[in-house]
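Dear colleague,

Please find below the structure that I am handing over to you, together with its sequence.

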Amino acid sequence: MAANEWINGYLEAILDAGGPPVNAGDESVHQRGAASLVFLGESPRRAVPSEGAAAGLGTGTIHFNPTRYFVDEVVTGVDESDLHRAWIKVIATRHTRERSSRLENMCWRIWNLTRKIKQAGLENFQREASRRLEWEQGRKNVTEELSEDLEGEKDDVVPEILPSQTPIPKFHRNFSGLQLWSDDNKEKKLYIVLISLHGLVRGENMELGRDSDTGGQVKYVVELARALARMPGVYRVDLFTRQIAAPDVDWSYGEPTEMLTTADEDISENSTGDSAGAYIIRIPFGPRTRYLRKELLWPYVQEFVDGALAHVINMSKVLGDQIGDGQPIWPYVIHGHYADAGDSAALLSGALNVPMVVTGHSLGRNKMEQLLKQGRQSMDEINASYKILRRIEAEELSLDAAELVITSTNQEIEEQWGLYDGFDVKLEKILRARARRGVCCHGRYMPRMVVIWPGMDFGSVTNLEEITYTVGEAAEAPANPPIWSEVTRFLTNPHKPMILALSRPDPKKNITTLLKAYGECRALRDLANLTLIMGTREDIDDMSAGNAGVLTTVLKLVDKYDLYGQVSYPKHHKQSDVPEIYRLAASTKGVFINPALVEPFGLTLIEAAAHGLPVVATQNGGPVDIHGALNNGLLVDPHNQWSIAEALLKLLTDKPLWHECRRNGWDNVHLFSWPEHCRTYLTRAAACRMRHPQWQPDTPSADLAGDDSLNDSLGDDSFTDSLGDPVLEEDELQDQVNKILCRIRRSQPPPQPQPSLRRPDAAALRRRRRLVVAALDCYDGAGAPARAAALALEQVFRAVKMDPNWGRLSGLALSTAMPISETLGLLRSARILPSDFDVIVCSSGGELYYPGNFRWAEEEGNLCPDPDYAAHIEYRWDFDGVRGTLGDMINQGGDLPETVALVDAKSCRPHCVSFLVPDPSKARRVDFLRRKLRMRGIRCHLMYCRNSTRLQAIPLLASRSQALRQLFVRWGLNVSNMFVILGERGDTDHEEMIAGSHKTIILGDVVTRGSEELLRSPGSYQKEDIFPAESPLVISGTGGITADQILKALKDSSQAPSNR
């Protein structure tokens, strides 16, 4: 009797709507779809409402009768016998109330009308069948006659004339000659790294909508990892996220590893290990016992980079033993999702020299403009709430480093990424054209942007052609899913068409405007119910201010418009319930709506289309491209509530249009499948310039996997829970066994390195368990080393050597902005031999020297910089282009006061351009100069140094902090076992030297003046967004700069926990 429940629901809706009585002899009702008229004076098909009609939606002037809609539903969708049973039931339960009498009369009249329409339909079907038979016979005769007259041209036949249909555009991907990824690549065995830092990420029972950070991006990256792992040629996919052991979240988010998929059978049979598949890898960074929203994660980004680097180095060895014949398997690409992960991916890919890919998902500049347009917050308030300026800088850095930027739509490229300094659509095309012709670009680069539509898992949607939700079939349907009752318990008449909105209760999702449009349109309220799926919640007071504000406004609007019984807003749902919610809306012949102010893509639109729901969507962002591909709905201005109500009414009442949109969605939704997405993804990634850590043949790189390094935990197959102490699981122990067995099975020993006079000796570096890095930026007014610098350096040297037990396994490094010639002069003044240092970082990270490990120097007696490091940082570096562009900007371009800086030829090196700054008061800040260079396509690392007397530009991948990570990658010197000694002030990269998982010791009263005031303009983000204000990894030295005090600070900091 389920069908009778639907009939009764429709009949009750007819009585509630009122309107003129239905005339059984009205021929307009006999025609299917003719009852779909919405606006007075319009034709029944696809009439676009005028502006005047739209303006009248809220004033009650719209001429729409919901009675026609419900009568048409009963007449066309209900079996005659079910309707007759409904009439009998009405008679049996009749009483004296007027409403029952009206219901009995109306039921009989509709039943009678249904019988007449059914008879007329049968007669019409017979006539159509007869005409078609005659038409086919005539076509056959014509074909035979043409075949006889045109002998030898038998292929010329009269084509079958098909009924006219709305043309659907065909979409073809243009790969510009690229070879499409196929099964021929299954022997490649690729390792891919994905990064998504914020939110709660797990493979099953995702808590989507729990907060503003746990939304569609979480589902996207998890499904992407699974889909990539299933592609031919992909061996392993790691999805990096944050490890959280907070009491207010589930314990599963504290697990260091979670398997998403296992290896394919072909991979399992041909490999020697069990590391294949897709995994979530949770890296500890920040306070582990607190769950932080994404705006508070910025100070801990470099901690994550160091932890992720440890895992990648470890995994590269494991994979090398399993499938690489003992050679490390480095990531194919490192893919960052969102701004925070883009910042992390830029640093991680730079340390590993691996191609970087970035997906913005939601962009900061676009959000900032939207918030400013609303006028509710000032720029300072927006920055305080969203850390928007730090986010924008992270996105700019992502553009600097990325080989490939994946977008969902063309609109995202032109109107969102086009807002950034580091990307210009026209310049990108010019540079790409010049590169194809082999013409010099003078050091200018733009990342390649491609549109790859996100995929969708259609596992919950099978046999789309068979999914039809008609009322007549409900009698044989299985029991309704539990979520249906959870949704419909709010509704007085759940059989009305459902308007479904599914999103987080975020202000930018624009739910309140949708509710106003519904509440102020009487026709829409009489016709349909509104269902708002706004994530899950326990107590609104415990939610973030933005989400709580939206939910509170929703409740107030429901009360204001008296929408009780017409609006559903359930508190809880699981991810597995979402397909059933779509099916519920489709069963009522409803509509899905996404009214967001700006939607980066709109994955829910694809899900709705897969479940047979036409859509109404915002005209801002990704839905434009989705609509172009699916052609299954209408686009609206999200700021205009009348436009929203108008589009909803049109789709709900125009039955032919509703069915056409439904069919178009089903026919085209395959374009958004995950296999299609991954095939395009890998094709584009293969076109990137492949890079990975590599050393010259005479460099003992083979020792990297076999020697004992200072990070014993990385030499094992263990995940370093604290970047130092191994935490071994059963599976990880098995990995160790496999690794040892794999080494034993090798028939050929690794090639022995050839002796070289200019290569570092690996054994000396690998014996170091700790590395003390002196980075004291102490200079006089001319930029020369101050006397205090030599004294402090001498005390640091004595502190490291005075305790034999502590100093025996400790290495010593010097990090400075000076070139090697001036650095050696500083060492002479401190009475320290260069050979007493294991590593010297010069030119602000532009050069690496190993003075203690070189047997010979150059003929002139100078130290030789590491050529492998020079090759590593060469990416996007053009010395002449940087020097010329920056010099013109400073002295001729008009952006800066004339003759502010002159080239410092003495400090210039192949990977360092240096300018003298005679008057720092006239110098522009780093962020201003960097913005100007990005606009010109120049990618480099800028800094003021040496007491603001020098402006230096070095390659994008070079910096003093990145040089430390290079030591980790090449020599196994774990960053967490490094001790960086700084002054209270320093060069403009001073804060970069503090951030990270290394220990930092700050000596007071050593550096009295630095260059930090030239780093950022007023109103920008602060240093607290780079490193935390309070950290157990940072210790301030007290009691002067004596060797005893420095040694005490070193020992105290060595006890500091690497994890918080």
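Why does Tyr445 count as partly exposed? The relative accessibility of Tyr445 is 31%, and partly exposed covers values between the limits of 20% for buried and 50% for exposed, so Tyr445 belongs to that class. Please bear in mind that this value, like the others in this message, comes from a predicted model.

Tyr445 is located in the loop that lies between helix H15 (425–437) and strand E8. Leaving aside residues up to four places away in sequence, Tyr445 touches Leu431, Arg876, Gly937 and Arg939. A further relation concerns Glu403: this residue is 42 residues from Tyr445 along the chain, and the C-alpha atoms of the two are separated by 9.8 Å.

The chain as a whole

The protein chain has 1060 residues, of which 59% count as buried. Its secondary structure comprises 38 helices and 27 strands. Among contacts with a separation of 6 or more, 75% are made by residues 24 or more positions apart. The accessible surface of the chain is about 44200 Å², and carbon and sulfur atoms contribute 50% of that area.

Thr359 in E6 is the bridge partner of His337.

The six-stranded sheet

Another open sheet has six strands in the order E11-E10-E9-E12-E13-E14, and its pairing is parallel. Strand E11 (567–568) and strand E14 (633–636) form the edges, each pairing on one side only. Four bridges connect strand E13 (residues 615–618) with E14 in the parallel sense, and Val615 stands opposite Gly633 of E14. Helix H21 (residues 603–610) packs on this sheet, where H21 touches strand E9 (498–502), strand E12 (591–594) and E13. The direction of H21 makes about 175° with that of E12.

Helix H11 spans residues 364–374, and its buried residues include Gly364, Arg365, Asn366 and Lys367. Met368, Gln370 and Leu371 of H11 are buried as well. The cover over the buried residues of H11 includes helix H12 (379–386), helix H13 (388–401) and helix H14 (410–416). Just after H11, Gly375 adopts a positive phi of about 75°.

Aromatic rings and charges

The model contains nine aromatic pairs. One aromatic cluster consists of Phe240, Phe285 and Phe304. The charged end of Arg390 sits over the ring of Tyr1021, at 5.8 Å from the ring centre. The charged end of Lys999 sits over the ring of Phe979, at 5.9 Å from the ring centre.

With kind regards

Note on methods: Residues are numbered from 1 along each chain as its sequence is written. This is a predicted model: local features need pLDDT of at least 70, side-chain atom pairs count only at pLDDT 80 or more; totals for chains, interfaces and linings use all residues. Side-chain values use heavy atoms; hydrogens and water are left out. Two strands pair if DSSP finds at least two bridges between them. Helices (H or I, at least four residues) and strands (E, at least two) are DSSP runs, numbered from the N terminus. Buried means under 20% relative accessible area, exposed over 50%, partly exposed in between (1.4 Å probe, protein chains only). Contact means heavy atoms within 4.5 Å. Accessible areas come from the Shrake-Rupley method with a 1.4 Å probe; for residues, only the protein chains shown count as cover. Axes are lines fitted to C-alpha atoms, for helices over the stretch in contact, and angles run from 0 to 180 degrees between N-to-C directions. Rings of Phe, Tyr and Trp (its six-membered ring) pair if their centres lie within 6.5 Å; planes under 30 degrees apart count as stacked, over 60 as edge-to-face and the rest as tilted. A charge sits over a ring if NZ of Lys or CZ of Arg is within 6 Å of the ring centre and within 35 degrees of the ring normal.
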